[in-house]
Amino acid sequence: MNTPMEKTGYKILLESGSVPKAELDRVFQEAEASESSFSQLLVKLGLIKEQEMLKIYSKSLGVPHVNLKTVSIDPAVLGKVPIKFPTYYKFFPVKLQNRKLTIAISKLMDVNTIDEIRFSLGYEIDTVLALEKDIEEMINRHYGLAADTVEKILTQAQTVEEIPSSVSATEDLEDIGRLVDAPSVVQLVNQIILEAYKKRASDIHLEPYRGKVRLRYRIDGELHEQRVPPEMKKFFMAIISRVKIMANLNIVERRLPQDGKARVKTQNQNLDLRISSIPTPHGESMVIRILPSNMIVKLENLGFHSTNLKTFKELVEKPHGIIFVTGPTGSGKSTTLYAGLQSINTNERKIITIEDPVEYELEGITQLQVNPEIGLNFARGLRSMLRHDPDVMMVGEVRDLETADIAIRVALTGHLVLSTLHTNDAASGATRLLDIGVEPFLVASSVIVFIAQRLVRVICPHCKKENHDVLPEIKDRIVRELKLPHMNFQIYQGHGCDECHGTGFSGRTSIHEFLLVTPQIRKLIFRRTPSEQIKAKAMELGMTTLRQDGWRKVLEGFTTPEEILQITPHDEADFHAVAVDSAYEEKQGILVSTITSAQPSGFSERRSYPRVKVKIPVKYHIVQKDEEEKKQQEYLRRGKKAQSEDLSASGIAFLTPEGLAVGIMIEIQMDLPDGDGMIEAISRVVRQSPLAEKPEDSEYGYIAAATFLAIASGDRLRIERFCREKGLSEKV
């Protein structure tokens with residue numbers, strides 16, 4: 001519908017020649033029968049940019065054109081202009097001086113409208129032109145998100161007491177339903193979700209505190225607080241109840257955590273909402289995960305380096321084995337697995353997944369969601385899946401020994417299995433499986449790759465510029481860690497703009513670390529080798545680490561060095577050897593043993609532990625034997641008895657009836673006299689020699705020393721505490 005001022009705008013644009021007359025006439029006629037104005041339709045149809053149109057209006061009418069985001073706003077002005085006026089008349093108050101209020105408008109206002117505003121507020125009105133989206137954003141930023149809706153609800157209520165702030169379990173369900181189904185509350189929730197979608201948020205956090213509520217959006221992995229009107233505290237219960245109704249949750253139950261899901265449609269996009277609530281002292285806290293229905297992306301768009309992309313495509317085509325994607329929560333593991341499944345989703349393959357929960361619906365793939373309340377966990381679901389004749393199976397997460405054991409045995413019987421683990425890097429995936437109790441030979445023979453993954457923010461393309469202030473140390477590190485021949489490269493950063501909301505970043509991409517289980521790596525896993533040594537060997541064989549893949553993204557202009565340093569772990573795989581120093585140092589009357597970690601850079605990290613002489617029974621068995629290993633299995637299981645000579649949290653010296661080769665791996669069991677149970681540790685023999693004088697009644701003829709490679713942190717602390725207490729008591 002066209003106002004008199006729209007006709008003025010038509011004449012101004014016609015005189016400017018910026019849009020052909022035929023197009024202006026056509027759009028003007030369409031606007032007469034439309035809810036949109038003439039100027040809005042011009043911009044919507046792409047015939048002219050809003051910025052250009054406002055500049056033409058400004059030049060013709062002598063009305064200033066401003067960038068609202070660069071204008072300093074006095075909070076006192078906002079207090080003089082109630083929210084209902086800016087939201088109704090679509091303006092934003094800029095400044096108040098000498099009883100004259102300057103307002104920013106995005107479309108031309110006639111004299112009658114200006115008079116209405118002047119009469120309502122009691123100020124003389126002056127106008128400036130600004131973008132419509134800037135006016136909306138400034139209203140949300142300074143008045144609070146959905147402040148106009150809150151104002152309407154308050155206006156409709158006869159008294160503040162009519163707006164309940166909490167719900168007890170005894171209140172009538174029908175009354176609550178009537179409250180949250182009121183159009184005003186529905187509109188309030190819709191505005192929160194729509195604004196989150198517009199800002200590309202992945203999660204909405206609704207959090208109650210004493211006297212206030214907090215609304216935050218997670219955008220590109222970072223939480224951003226959204227200003228909300230203080231009065232929203234009065235509607236917080238209604239907001240939570242409305243979301244619960246959308247997710248078919250119990251709105252009366254506020255004492256227990258609840259999880260649910262809902263589907264909404266906005267801007268021609270279907271959104272799947274995953275909803276979780278937990279009780280807090282001030283009400284229920286809720287998180288809404290936003291999952292667009294078309295979120296499944298192609299492998300080529302996930303950020304894989306060309307080499308890794310080729311490798312991953314080859315791996316998901318294999319007939320059997322396990323592919324593990326590792327990383328913390330929110331690192332994109334599920335998205336990568338979904339993309340991998342989609343790439344092999346053909347009529348010739350039967351693909352089944354078991355997830356908690358099902359995040360994306362995949363056509364042509366059977367998806368099963370776990371339900372612990374009825375006993376349907378990953379392990380039980382995995383067993384049932386086998387009876388459905390699958391070719392490929394995806395397990396959402398391996399959390400325990402039972403699930404891991406079944407998944408591995410499924411892979412060994414001719415199925416391809418994809419799953420996730422929560423570890424810091426790829427090498428830790430192997431040790432994680434061993435820690436939860438999986439036998440080394442099962443891991444070594446079933447897993448084909450461990451893929452570590454992280455998400456890093458991408459520099460906004462609209463404000464991307466070369467960064468000339470990068471520290472020389474950063475460039476030196478990139479050159480050294482990527483083994484580049486020179487330092488002739490550019491590094492970029494985002495300076496912040498309207499498109500990226502001033503953050504300098506827009507979107508995220510992934511970086512990867514592929515640990516292929518080659519024969520060399522398989523042998524290390526079988527020996528229960530620590531993760532840092534597995535990583536060192538993999539790097540020696542050519543593995544690109546997370547940090548290195550991140551540096552490649554920096555050189556390609558995708559992200560910044562600061563992002564990589566913050567997200568990726570340091571490549572500690574430089575520790576090629578761990579050995580016990582043969583010398584003992586005296587410190588405060590207590591013998592101290594040191595572990596020295598040798599690095600190529602020459603840096604040496606020394607960690608000191610108290611060492612004491614103590615005789616306790618020890619039992620060990622060899623877990624690595626290079627010659628005739630199969631013939632020795634029974635011998636290995638029986639183990640050998642030994643006796644300790646001295647002990648520290650870093651290692652042990654012990655008497656043994658046989659000579660042990662230096663470098664051999666053994667599992668040591670010892671029972672400390674502290675009454676807390678048996679201690680087990682995977683160890684490496686670092687030296688051994690025959691006893692100079694063997695007692696006639698002793699079965700021991702050798703002394704050996706071993707360093708602890710894999711030991712529970714609690715057990716290491718037990719040994720350290722025991723040695724320190726014993727050392728101090730002997731000193732006294």
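Predicted model: local features only at pLDDT ≥ 70, side-chain atom pairs only at ≥ 80, totals over all residues.
Leu515 belongs to the largest nonpolar core, which has 53 residues. Leu433, Val443, Phe450 and Leu515 are the residues with the most contacts inside this core. Helix α16, residues 401-412, supplies the largest share of the core, six residues.

Now turn to a pair of helices. Two packed helices are described by the angle between their axes and the distance between the axes. Helix α19 spans residues 472-482, and helix α22 spans residues 546-555. They pack at an angle of about 120°, with their axes 10 Å apart. That angle makes α19 oblique to α22. The crossing of the two helices, α19 and α22, is left-handed.

Which residues make the contact? From α19 come Arg477, Ile478, Glu481 and Leu482. From α22 come Arg547, Gln548, Trp551, Arg552, Val554 and Leu555. The residues of this contact divide into five nonpolar, one polar and four charged.

Last, go to helix α1, residues 4-16, where Lys11 lies. Is Lys11 buried or exposed? Lys11 is exposed, because its relative accessible area is 55% and the cut-off for exposed is over 50%. The C-alpha atoms of Lys11 and Leu24 are separated by 9.5 Å. Along the chain, Lys11 and Leu24 are 13 residues apart.

Key:
Residues numbered from 1 in each chain as written. Heavy atoms only, no water. Helix = DSSP H or I, 4+ residues; strand = E, 2+ residues; numbered from the N terminus. Buried < 20%, exposed > 50% of the residue type's maximum accessible area, 1.4 Å probe, protein only. Core = buried A, V, L, I, M, F, W, Y, C linked by side-chain atoms within 4.5 Å. Axes fitted to C-alpha atoms, helices over the stretch in contact; angles between N-to-C directions. Parallel < 35°, antiparallel > 145°, perpendicular 65-115°, else oblique. Left-handed = near helix turned anticlockwise from the far one by under 90°. Contact = heavy atoms within 4.5 Å. Nonpolar A, V, L, I, M, F, W, Y, C, P; charged D, E, K, R; others polar.
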